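Student: I'd like to go through this model with you. Can we start with how you sort residues by exposure?

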Amino acid sequence: FGSSSIFAIKPLEWTEKLCEAMAGNTALVSLDLSDCALDDKCCDLLGAVLEADQKLEKLILNKNAIRDGGCAKLATSLARNITLREIELFGQTGGRKWGEGCLVTWLEMYKTNFSILRVNWTTNSKNTVTLTKMLARNMDVNNKIKNGDSGWHGSLPAELRASPPAITFYQLEDAKAKRGGVPDAPYPSAHGCAWPGNKTCVGVY
């Protein structure tokens, strides 16, 4: 659906139809809705899908008209999701940078979400570093599960260690390899390397 002119004419109507079709999804793992004129109302519908979906791993929402309310709705829904690994929210209308209230909702999401490993968006916030650390934590959990390290429970918040959530290993697409060894920039590493002054929080690997 990415850059679909038909979708962009009636984004809410087509989002509703898409969400109805995704009920009980057992096959779709990647969904591209970039440049489809999606707004916050569309995010309300997508959020409901994310709360129930057990298959989707990547959601691309770049170049839409999503604002703080829609972005926050996605975070609230992801708090109940265990399969989505990558989400892209870059390039919203007007060069949108997310407000503090919206980003606080994302921080709350990370209290129960350990599946998100990459977020592509632009922020201008005091919470950017903390958000990146949460992605690094999720990557640490993911890597420990990948390597069969039974100590991954220790990376969880203390209140969840006694009864840890269900988490499965996921291999992020190696964007650097696809680009012939040229890295996407900037990508903080899972070891906490920081770029001073960086305002783009795009994930870890």
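Tutor: Buried means under 20% relative accessible area, exposed means over 50%, and partly exposed is in between. Keep in mind that this is a predicted model.

Student: Okay, A37. Where does A37 sit, and is A37 buried, partly exposed or exposed?

Tutor: A37 is in the loop between β1 (30-32) and α3. Its relative accessible area is 33%, so A37 is partly exposed.

Student: What about the phi of A37?

Tutor: It is positive, about 65°, and A37 is not a glycine. Most residues other than glycine have a negative phi.

Student: Where is K63, and what is its phi?

Tutor: K63 lies in the loop between β2 and α4. Its phi is near 55°, again a positive value in a residue other than glycine.

Student: Why does K63 count as exposed?

Tutor: Because its relative accessible area is 55%, and the cut-off for exposed is over 50%.

Student: Let's zoom out. How many helices and strands are there?

Tutor: The protein chain has seven helices and four strands. In sequence order the pattern reads α-α-β-α-β-α-β-α-β-α-α.

Student: How much of the chain is buried?

Tutor: Of 205 residues, 43% count as buried.

Student: What share of the contacts join residues at least 24 apart?

Tutor: It is 74%, taken among contacts between residues at least 6 apart in sequence.

Student: Back to single residues. Where is K58, and is K58 buried or exposed?

Tutor: K58 is in strand β2 (residues 58-60). K58 is buried, because its relative accessible area is 16% and the limit for buried is under 20%.

Student: How far is K58 from S30?

Tutor: Their C-alpha atoms are separated by 4.6 Å. Along the chain, K58 and S30 are 28 residues apart.

Student: How about K58 and D32?

Tutor: That pair is 26 residues apart along the chain, and the C-alpha atoms are separated by 8.2 Å. D32 is found in strand β1.

Student: Is D32 buried, partly exposed or exposed?

Tutor: D32 has 30% relative accessibility, so it counts as partly exposed.

Student: What does D32 contact, leaving aside neighbours within four places in sequence?

Tutor: F1, G2 and I60.

Student: Switching to E51. Where is it, and what does it touch?

Tutor: E51 is in helix α3. Not counting residues up to four places away in sequence, E51 touches K73, S77 and R80. E51 counts as partly exposed, at 28% relative accessibility.

Student: And how far apart are E51 and L74?

Tutor: They are 9.3 Å apart, C-alpha to C-alpha, and 23 residues apart in sequence.

Student: Now the inside. How many residues are in the largest nonpolar core?

Tutor: It has 36 residues. Those with the most contacts inside the core are L61, I87, L89, W106 and W121.

Student: Which helices each supply at least two residues of this core?

Tutor: α2 (11-21), α3, α4 (68-78), α5 (100-109) and α6 (128-146).

Student: What lies apart from that core?

Tutor: Another core, of six residues. F114, V141, W152 and L156 are among them.

Student: How many cavities of 30 Å³ or more are there?

Tutor: The count is two. The largest cavity holds about 50 Å³ of space.

Student: Which residues line the largest cavity?

Tutor: N81, I82, R85, T112, N113, F114, S115, P165, A166 and I167. By class, that lining has five nonpolar, four polar and one charged residues.

Student: And the second largest cavity: what is its volume, and what lines it?

Tutor: Its volume is about 30 Å³. The lining residues are M22, L31, L46, V49, L50, L56 and L59. By class, these are seven nonpolar, no polar and no charged residues.

Student: Where does the largest share of the lining of the second largest cavity come from?

Tutor: From helix α3 (residues 40-52), which supplies three residues.

Methods. Residues numbered from 1 in each chain as written. Predicted model: local features only at pLDDT ≥ 70, side-chain atom pairs only at ≥ 80, totals over all residues. Heavy atoms only, no water. 1 Å grid on protein atoms, 1.4 Å probe; cavity = no way out; pocket = protein on both sides within 12 Å on 5 of 7 lines; lining within 4 Å. Points joined across faces, edges and corners; volume = space filled by probe spheres on them. Nonpolar A, V, L, I, M, F, W, Y, C, P; charged D, E, K, R; others polar. Buried < 20%, exposed > 50% of the residue type's maximum accessible area, 1.4 Å probe, protein only. Contact = heavy atoms within 4.5 Å. Core = buried A, V, L, I, M, F, W, Y, C linked by side-chain atoms within 4.5 Å.
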